[in-house]
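Visitor: Hi, I have a structure open and some quick questions. Can you walk me through it?
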Amino acid sequence: MGSLVELGFVGLFVSAFLAATILPVSSEVVLITLLINGFSPFALVTVATIGNVAGSLVNYALGYWASLGIIKKWLRMSENEFVKAEQRFKKYGLISLAFAWVPVVGDPLTVMAGVLRIRLLWFLILVTAGKLLRYVVVSYMVLQVS
């Protein structure tokens, strides 16, 4: 994480982008460090949100264009787990995309949105809203403590 922090906004974008995929990267650590070091909260939240949504778009594209076999392998999901994820998505509908920021379940949600061919506009609106709110809350909490 140290080298990503040293890159400032670029490092935050990269960490946020990677965190939206299945890679175990925490964009919050980079965001918090940059906030503590006096970077603009508005600019940081904007960059983190754009990076994280861009990473989610990669997941959406994978779901949209890749074969189900590749998707299951990439997500390390059995056929049964995949069916359950699809049923949960259908049960909770589009609004579930506002929770794409939640660890563990968020990445499969964004892939499933592609598999189910959810309209890209709705995907972008809901995913962006959820991720933006998360970064605003984290930033607000850090600024209250520091």
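Visitor: Which side chain does Asn52 join at 2.9 Å?
Guide: The side chain of Arg134, through a polar contact. That term means a pair of N or O atoms within 3.5 Å; within protein, one must be able to donate a hydrogen and the other to accept it, and residues adjacent in sequence count only if both atoms are side-chain atoms. Asn52 also has a polar contact of 3.5 Å with the side chain of Tyr135. This is a predicted model: local features need pLDDT of at least 70, side-chain atom pairs pLDDT 80 or more, while totals for chains, interfaces and linings use all residues. Numbering runs from 1 along each chain as its sequence is written, and side-chain values use heavy atoms, without hydrogens and water.

Visitor: Is Asn52 buried or exposed?
Guide: Buried, at 2% relative accessible area. Buried means under 20%, exposed over 50%, partly exposed in between (1.4 Å probe, protein chains only).

Visitor: Where is Asn52 found?
Guide: In helix H4. Helices (H or I, at least four residues) are DSSP runs, numbered from the N terminus.

Visitor: OK, new topic. Which residues of H2 are buried?
Guide: Gly11, Leu12, Ser15 and Ala16, in a helix spanning residues 9-19. Seen down the axis of H2, they fall within an arc of 130 degrees, so they line one face. The arc is that of the directions from the helix axis to the C-beta atoms.

Visitor: And how many residues are in the largest nonpolar core?
Guide: It has 19. Such a core is a set of buried Ala, Val, Leu, Ile, Met, Phe, Trp, Tyr and Cys residues joined through side-chain atoms within 4.5 Å. Phe89, Leu97 and Ala113 have the most contacts inside it.

Definitions and conventions: Helix = DSSP H or I, 4+ residues; strand = E, 2+ residues; numbered from the N terminus.
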